[in-house]
Amino acid sequence: MANKASDLYQNMVRVDEPEARVHLDLPDGLLPLALNVELPGGYVSEVVPCGVRLPYATTTMFSTADSFQMAAEFHVLMGNRPLARDGIELCRIRVRNIKWSGAGVPQIELRFELDAAGLLTVSAANLDRSNAEIVVFTAGDEVTQNDIQQALADAQEHEAADKATRALIQQMLDSFALIGATNDYYSAAKKKMTYAGKSAYKQARKRLEKALSVEPSAADEASVAELNAALEAFREQRQSILPIYKQVMSWYA
């Protein structure tokens, strides 16, 4: 899902085209750094993996992060590290006049094209509305070999820390999914739960949601420890709900 539109354009220039173009200095015809899009939380989603041979093209579907979001911003970066702040900034594409609907419903297609000479073209298409406004900002017109080699060296230097960050990101994504699935169980079982049981579940969920509000880029040892403790407490509440849920569902079998 795309980030909500923001005003982080200090080092960027608006272009009068509906797409961003950046030349990547790739003399051997291989892409040594992945092309990524920043997601809410400050981490990236890989769109084009490192190691692909030019020319190359791909499209990826995105949607909105919040309900009734009328604009979305796609922050495109180059790099092999998990956090957006550590990547090479390429462009930002803002899509306005998005379909007014719930989170995850609008369809916005992002297309990446790399020609044989290393010219990267990034474009967006709002598949729900033909009259969407698309505004493009670029951070520069070229990524040099010096930029690329520095990014590769940084990734190697921080390999261990980045591995831990990736594990944390995956744990957080799994935790969000666990909350969603458990809420479904709770909705079906709550009428048969005691007041104390419902209160305990809500408290555990609130604690886990608070722990998940710390972005991976801001996480420290204490916040990770709290996330682990909150997740364990939530799993215990989930286990207490499951038998009640199964009993309720058996009545409809």
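Colleague: Which crossing do α3 and α4 make, left-handed or right-handed?
Modeller: α3 passes α4 in a left-handed crossing.
Colleague: What should I know about the source?
Modeller: This is a predicted model, where local features need pLDDT of at least 70 and side-chain atom pairs count only at pLDDT 80 or more, while totals for chains, interfaces and linings use all residues. Residues are numbered from 1 along each chain as its sequence is written, and side-chain values use heavy atoms, with hydrogens and water left out.
Colleague: What is the mean pLDDT of the chain?
Modeller: The mean is 91, and 96% of the residues reach 70 or more. pLDDT is the predictor's confidence in each residue, from 0 to 100. Over residues 1–7 the pLDDT is below 50.
Colleague: Back to the helices. At what angle do the axes of α3 and α4 cross?
Modeller: Roughly 150°, and the axes come within 9 Å. That makes α3 roughly antiparallel to α4, a label for angles over 145 degrees. Axes are lines fitted to C-alpha atoms over the stretch in contact, with angles from 0 to 180 degrees between N-to-C directions.
Colleague: Which residues make the contact?
Modeller: Among them are Ala 204 and Leu 208 of α3, and Ala 230 and Phe 234 of α4. Contact means heavy atoms within 4.5 Å.

Note on methods
Helices (H or I, at least four residues) and strands (E, at least two) are DSSP runs, numbered from the N terminus. Angles under 35 degrees count as roughly parallel, over 145 as roughly antiparallel, 65 to 115 as roughly perpendicular and the rest as oblique. A crossing is left-handed if the near helix is turned anticlockwise from the far one by less than a right angle, and right-handed if clockwise.
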